[in-house]
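Please describe how this protein chain is put together. Cover its helices, its cores and a few individual residues.

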Amino acid sequence: MNRKKQVLVSLTLMAVISFYLVVGLPKPAYAMHIMEGFLPVQWAVFWWIVALPFFILGLRNLTRVTQANPELKLLLGLAGAFTFVLSALKIPSVTGSCSHPTGTGLGAVLFGPLTMTVLGSLVLLFQALLLAHGGLTTLGANAFSMAIAGPFVAYWIYNFTIKLGSKPQIAIFLAAAIADLLTYIITSIQLALAFPAPVGGFLASFAKFAGIFAITQVPLAISEGLLTVLVWNWLQSYNPQELELLKLIKQERQSNESI
């Protein structure tokens, strides 16, 4: 298959999967972005306190990367835009929130989880302000689940799978899909902690939230994994220099950590 046919097939598959993500999953689910004012004050404050240190460390890391390699800013913008678009494909729920892809796996693999913490948090902030998707009081909780926990797991899954000798495409798929699933699991934990069931407490509440999430989130995670692989293949075809530079940065970081 020549280059033009590969590009055409990739773009067609990306369009089909994107269409499926938008209109192919109409069933409602509980929250992925927790709505404004939904959490009790003490839990909203708690998750803000937990998320802030990651954001500060990520901001330092992002500044260091962009100052040393300004040519990567366009790729950073792509990672942020990918997260914004996918996580904005919300499926409304009667609970006041939604189920959707996250899009954080790609940026986590490219730039590391700390950088993705900043990009994901900014995406959540803009969505809260411009789209009424999520909220400011619940930004800490949403950031922890989508911009912190998801990217860290995606980064670990990718590197672990690569070390096992797997192809990059398989590692990318697993990283994106599992990060998506973990985000909904963390959100289920957050909601269960804030609203334990009268009978059964935390575990019963978690089973309820996680069970309802799984209806839409499992196919969403698979779709997101496939779409992320297509974007990765596109980057390998048209941005090999940036990917090679990122590989060198990661190798330098790992060598510094081992010293």
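**Layout**

This is a predicted model. The protein chain has nine helices and two strands. Starting at the N terminus, the order of elements is α-α-α-β-β-α-α-α-α-α-α. The chain holds 259 residues, and 47% of them are buried. Consider the contacts with a separation of 6 or more: residues 24 or more positions apart account for 79% of these.

**Nonpolar cores**

In soluble globular proteins, nonpolar side chains tend to be buried together. Here the largest nonpolar core has 30 residues. Leu106, Leu110, Phe111, Tyr158, Trp232, Leu235 and Leu246 have the most contacts inside that core. Eight helices each supply at least two of its residues: α2 (41-68), α3 (73-87), α4 (104-111), α5 (113-130), α6 (139-163), α7 (168-194), α8 (201-238) and α9 (240-258). A second, separate core has 13 residues, including Leu39, Trp47, Ala51 and Ile186.

Which residues does Trp232 touch, leaving aside its neighbours within four places in sequence? Trp232 is in contact with Leu106, Val109, Leu110, Tyr158, Pro168, Ile172 and Leu243. Of these partners, Leu106, Leu110 and Tyr158 are also among the residues with the most contacts inside the 30-residue core.

**Helix packing**

Two packed helices are described by the angle between their axes and the distance between the axes. Two pairs are set out here.

| Helix pair | Axis angle | Axis distance |
|---|---|---|
| α3 and α5 | about 45° | 10 Å |
| α4 and α6 | roughly 60° | within 8 Å |

Take α3 and α5, whose axes are 10 Å apart at an angle of about 45°. That angle makes α3 oblique to α5. Their crossing is right-handed. From α3, the contact uses Leu76, Ala79, Gly80, Thr83, Phe84 and Ser87. From α5, it uses Thr115, Met116, Leu119, Val123, Phe126 and Gln127. By class, the contact of α3 with α5 has seven nonpolar residues, five polar and no charged.

Now α4 and α6, whose axes cross at roughly 60° and come within 8 Å. This makes α4 oblique to α6. The crossing of α4 and α6 is right-handed. On the α4 side are Thr104, Gly105, Ala108 and Val109. They meet Met146, Gly150, Pro151, Ala154, Tyr155 and Tyr158 in α6. The contact of α4 with α6 divides into seven nonpolar, three polar and no charged residues.

**Two single residues**

Ala141 lies in helix α6. Is Ala141 buried or exposed? Its relative accessibility is 1%, so Ala141 counts as buried; the cut-off is under 20%. Leaving aside neighbours within four places in sequence, Ala141 is in contact with Ile34, Leu39, Trp47 and Gln190. Two of these partners, Leu39 and Trp47, belong to the second core. Ala141 and Leu39 are 102 residues apart in sequence, yet their C-alpha atoms are 9.0 Å apart in space.

Where does His33 lie? His33 sits in the loop between α1 (3-23) and α2. Its relative accessible area is 1%, so His33 is buried. His33 and Ala128 are 95 residues apart along the chain, and 9.3 Å separates their C-alpha atoms.

Terms used
Residues numbered from 1 in each chain as written. Predicted model: local features only at pLDDT ≥ 70, side-chain atom pairs only at ≥ 80, totals over all residues. Heavy atoms only, no water. Core = buried A, V, L, I, M, F, W, Y, C linked by side-chain atoms within 4.5 Å. Buried < 20%, exposed > 50% of the residue type's maximum accessible area, 1.4 Å probe, protein only. Helix = DSSP H or I, 4+ residues; strand = E, 2+ residues; numbered from the N terminus. Contact = heavy atoms within 4.5 Å. Axes fitted to C-alpha atoms, helices over the stretch in contact; angles between N-to-C directions. Parallel < 35°, antiparallel > 145°, perpendicular 65-115°, else oblique. Left-handed = near helix turned anticlockwise from the far one by under 90°. Nonpolar A, V, L, I, M, F, W, Y, C, P; charged D, E, K, R; others polar.
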